[in-house]
Amino acid sequence: MNQQTLILIKPDGLKKSLTGNILTRLSETKLEIVAAKMVRVPRELAVEHYKHMKDKPFFEELVQYIQGTLHDRKKVMAMVYWGEDAITKVRQIAGSTNPEEADPTTIRGSYGRITTKGLYENVLHTSSNESEAEREIKLWFQPDDIIVDLYPTKVVTMEKAKRKIWA
Ligand code: ADP
(Lines give C-alpha, C1' and ligand atoms only; values in the text may rest on other atoms or scores of the structure.)
Protein backbone atom coordinates (compact mmCIF):
# COMPACT_ATOMS: atom_id res chain seq x y z
CA MET A 1 0.00 0.00 0.00
CA ASN A 2 1.34 3.43 -0.92
CA GLN A 3 1.84 5.76 2.01
CA GLN A 4 3.41 9.12 2.75
CA THR A 5 5.59 10.01 5.71
CA LEU A 6 7.12 13.19 7.10
CA ILE A 7 10.89 13.24 7.61
CA LEU A 8 12.67 16.03 9.44
CA ILE A 9 16.45 16.25 9.53
CA LYS A 10 16.78 17.75 13.00
CA PRO A 11 19.24 20.53 13.94
CA ASP A 12 21.85 18.07 15.29
CA GLY A 13 21.81 16.28 11.93
CA LEU A 14 22.35 19.59 10.13
CA LYS A 15 25.06 20.74 12.55
CA LYS A 16 26.94 17.47 12.05
CA SER A 17 26.67 17.91 8.24
CA LEU A 18 24.78 14.65 7.94
CA THR A 19 22.23 15.71 5.30
CA GLY A 20 24.00 13.84 2.49
CA ASN A 21 24.57 10.72 4.57
CA ILE A 22 20.96 10.65 5.75
CA LEU A 23 19.54 11.15 2.23
CA THR A 24 21.83 8.40 0.92
CA ARG A 25 20.64 5.99 3.61
CA LEU A 26 17.01 6.94 2.94
CA SER A 27 17.48 6.31 -0.79
CA GLU A 28 17.86 2.61 0.05
CA THR A 29 14.09 2.60 0.58
CA LYS A 30 13.52 3.40 -3.13
CA LEU A 31 10.78 5.79 -2.03
CA GLU A 32 10.06 9.05 -3.85
CA ILE A 33 10.69 12.51 -2.38
CA VAL A 34 7.52 14.48 -3.15
CA ALA A 35 8.28 17.60 -1.07
CA ALA A 36 11.35 19.19 0.52
CA LYS A 37 12.18 22.52 2.14
CA MET A 38 14.28 24.20 4.83
CA VAL A 39 12.19 25.52 7.71
CA ARG A 40 12.96 27.98 10.49
CA VAL A 41 10.75 26.49 13.19
CA PRO A 42 8.57 28.90 15.18
CA ARG A 43 7.79 27.88 18.76
CA GLU A 44 4.09 27.29 17.92
CA LEU A 45 5.05 24.77 15.21
CA ALA A 46 7.45 22.98 17.56
CA VAL A 47 4.84 22.79 20.34
CA GLU A 48 2.14 21.57 17.94
CA HIS A 49 4.44 18.99 16.35
CA TYR A 50 5.34 17.50 19.75
CA LYS A 51 1.95 17.99 21.43
CA HIS A 52 1.79 14.26 22.29
CA MET A 53 4.92 14.79 24.45
CA LYS A 54 3.68 17.84 26.37
CA ASP A 55 3.52 16.03 29.72
CA LYS A 56 7.11 14.73 29.47
CA PRO A 57 9.69 16.29 31.80
CA PHE A 58 11.93 17.01 28.79
CA PHE A 59 9.21 18.74 26.72
CA GLU A 60 10.74 22.22 26.95
CA GLU A 61 14.15 20.90 25.84
CA LEU A 62 12.49 19.00 23.02
CA VAL A 63 10.90 22.22 21.76
CA GLN A 64 14.26 24.01 21.97
CA TYR A 65 15.96 21.06 20.27
CA ILE A 66 13.66 21.06 17.21
CA GLN A 67 13.85 24.87 17.04
CA GLY A 68 17.63 24.58 16.85
CA THR A 69 18.34 26.64 19.96
CA LEU A 70 20.48 23.85 21.42
CA HIS A 71 22.65 23.54 18.30
CA ASP A 72 22.92 27.10 17.06
CA ARG A 73 21.32 25.85 13.82
CA LYS A 74 17.87 27.40 13.71
CA LYS A 75 16.44 25.27 10.93
CA VAL A 76 15.33 21.79 10.00
CA MET A 77 15.03 20.11 6.60
CA ALA A 78 11.46 18.88 6.11
CA MET A 79 10.57 16.28 3.48
CA VAL A 80 7.71 14.04 2.46
CA TYR A 81 8.64 10.56 1.23
CA TRP A 82 6.02 8.57 -0.68
CA GLY A 83 5.65 4.97 -1.85
CA GLU A 84 5.01 1.36 -0.84
CA ASP A 85 4.98 0.94 2.98
CA ALA A 86 6.77 4.27 3.34
CA ILE A 87 6.18 4.64 7.09
CA THR A 88 7.62 1.26 8.08
CA LYS A 89 10.48 1.39 5.59
CA VAL A 90 11.62 4.80 6.83
CA ARG A 91 11.25 3.92 10.51
CA GLN A 92 13.26 0.75 10.00
CA ILE A 93 16.15 2.57 8.40
CA ALA A 94 15.89 5.42 10.96
CA GLY A 95 16.12 3.04 13.93
CA SER A 96 14.80 3.18 17.49
CA THR A 97 13.95 6.45 19.23
CA ASN A 98 16.70 5.88 21.81
CA PRO A 99 19.91 6.21 19.76
CA GLU A 100 21.89 4.07 22.23
CA GLU A 101 19.41 1.24 21.75
CA ALA A 102 19.10 1.70 18.00
CA ASP A 103 20.71 -0.94 15.80
CA PRO A 104 24.13 0.50 14.85
CA THR A 105 23.41 -0.01 11.15
CA THR A 106 20.45 2.41 11.33
CA ILE A 107 20.67 6.19 10.92
CA ARG A 108 20.00 6.90 14.60
CA GLY A 109 22.28 4.07 15.69
CA SER A 110 25.09 5.46 13.52
CA TYR A 111 24.76 9.17 14.26
CA GLY A 112 22.58 9.75 17.36
CA ARG A 113 23.57 10.30 20.99
CA ILE A 114 22.04 11.01 24.39
CA THR A 115 23.08 14.38 25.78
CA THR A 116 24.43 14.74 29.31
CA LYS A 117 21.04 16.30 30.16
CA GLY A 118 19.35 13.09 28.97
CA LEU A 119 17.76 14.32 25.73
CA TYR A 120 17.79 11.89 22.85
CA GLU A 121 19.47 13.60 19.90
CA ASN A 122 18.51 11.20 17.15
CA VAL A 123 19.18 13.31 14.02
CA LEU A 124 15.85 12.78 12.29
CA HIS A 125 12.12 12.60 12.85
CA THR A 126 9.91 10.16 10.97
CA SER A 127 6.12 9.76 11.24
CA SER A 128 5.01 6.84 13.38
CA ASN A 129 1.72 5.87 11.69
CA GLU A 130 -0.70 6.99 8.96
CA SER A 131 -2.76 9.35 11.11
CA GLU A 132 0.35 11.00 12.56
CA ALA A 133 1.80 11.28 9.04
CA GLU A 134 -1.36 13.09 7.89
CA ARG A 135 -1.36 15.41 10.90
CA GLU A 136 2.34 16.18 10.54
CA ILE A 137 2.41 16.62 6.74
CA LYS A 138 -0.54 19.04 6.96
CA LEU A 139 1.24 20.89 9.77
CA TRP A 140 4.58 21.32 7.93
CA PHE A 141 3.43 21.64 4.30
CA GLN A 142 0.75 23.36 2.25
CA PRO A 143 -0.84 21.45 -0.68
CA ASP A 144 1.13 23.43 -3.30
CA ASP A 145 4.46 22.48 -1.65
CA ILE A 146 3.87 18.81 -2.54
CA ILE A 147 4.11 17.56 -6.13
CA VAL A 148 1.38 14.89 -5.78
CA ASP A 149 -2.15 15.02 -4.34
CA LEU A 150 -1.96 13.28 -0.97
CA TYR A 151 -5.08 14.51 0.80
CA PRO A 152 -8.29 16.23 -0.35
CA THR A 153 -7.96 19.97 -0.90
CA LYS A 154 -10.30 22.91 -1.50
CA VAL A 155 -9.84 26.25 -3.24
CA VAL A 156 -10.53 29.41 -1.27
CA THR A 157 -10.28 33.05 -2.37
CA MET A 158 -8.32 35.19 0.08
CA GLU A 159 -8.79 38.78 -1.03
CA LYS A 160 -7.07 40.62 1.79
CA ALA A 161 -4.23 38.17 2.32
CA LYS A 162 -0.77 39.73 2.00
CA ARG A 163 2.22 37.80 0.74
CA LYS A 164 5.81 38.59 -0.10
CA ILE A 165 6.77 38.53 -3.80
CA TRP A 166 10.03 39.32 -5.61
CA ALA A 167 10.57 43.09 -5.87
P1 ADP B 1 10.04 9.17 17.62
O2 ADP B 1 10.78 10.46 17.29
O3 ADP B 1 10.91 7.95 17.44
O4 ADP B 1 8.71 9.05 16.92
P5 ADP B 1 8.71 10.04 20.11
O6 ADP B 1 7.63 10.68 19.30
O7 ADP B 1 8.32 9.11 21.22
O8 ADP B 1 9.74 9.21 19.19
O9 ADP B 1 9.64 11.16 20.76
C10 ADP B 1 9.88 12.38 20.11
C11 ADP B 1 11.32 12.81 20.39
O12 ADP B 1 11.48 13.09 21.79
C13 ADP B 1 12.36 11.73 20.10
O14 ADP B 1 12.70 11.64 18.74
C15 ADP B 1 13.51 12.18 20.98
O16 ADP B 1 14.22 13.27 20.35
C17 ADP B 1 12.79 12.71 22.21
N18 ADP B 1 12.62 11.68 23.26
C19 ADP B 1 11.71 10.67 23.23
N20 ADP B 1 11.77 9.91 24.34
C21 ADP B 1 12.74 10.46 25.10
C22 ADP B 1 13.27 10.13 26.38
N23 ADP B 1 12.81 9.10 27.11
N24 ADP B 1 14.25 10.90 26.88
C25 ADP B 1 14.72 11.95 26.17
N26 ADP B 1 14.25 12.32 24.95
C27 ADP B 1 13.27 11.59 24.41
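## Basis

The model is predicted, and local features need pLDDT of at least 70, side-chain atom pairs count only at pLDDT 80 or more, and totals for chains, interfaces and linings use all residues. Residues are numbered from 1 along each chain as its sequence is written, and side-chain values use heavy atoms, with hydrogens and water left out.

## Overall fold

The chain has seven helices and six strands, where helices (H or I, at least four residues) and strands (E, at least two) are DSSP runs numbered from the N terminus. Along the sequence their order is β-α-α-β-α-α-β-α-α-β-β-β-α. The radius of gyration is 16 Å, close to the 15 Å that the globule rule gives for 167 residues, so the chain is as compact as a globular protein of that length. This radius is taken over C-alpha atoms, and the rule is 2.2 Å times the number of residues to the power 0.38.

## Ligand surroundings

The ligand is surrounded by 14 residues, and K10, T97, R108, Y120 and N122 are the closest; a residue counts as near if one of its heavy atoms lies within 4 Å. The shell comprises seven nonpolar, four polar and three charged residues. Here Ala, Val, Leu, Ile, Met, Phe, Trp, Tyr, Cys and Pro count as nonpolar, Asp, Glu, Lys and Arg as charged, and the others, Gly among them, as polar.

An N or O atom in the side chain of N122 is 2.8 Å from an oxygen atom of the ligand. For Y120, a backbone N or O atom lies 2.9 Å from a ligand oxygen atom.

Note on methods
A polar contact is a pair of N or O atoms within 3.5 Å; within protein, one must be able to donate a hydrogen and the other to accept it, and residues adjacent in sequence count only if both atoms are side-chain atoms.
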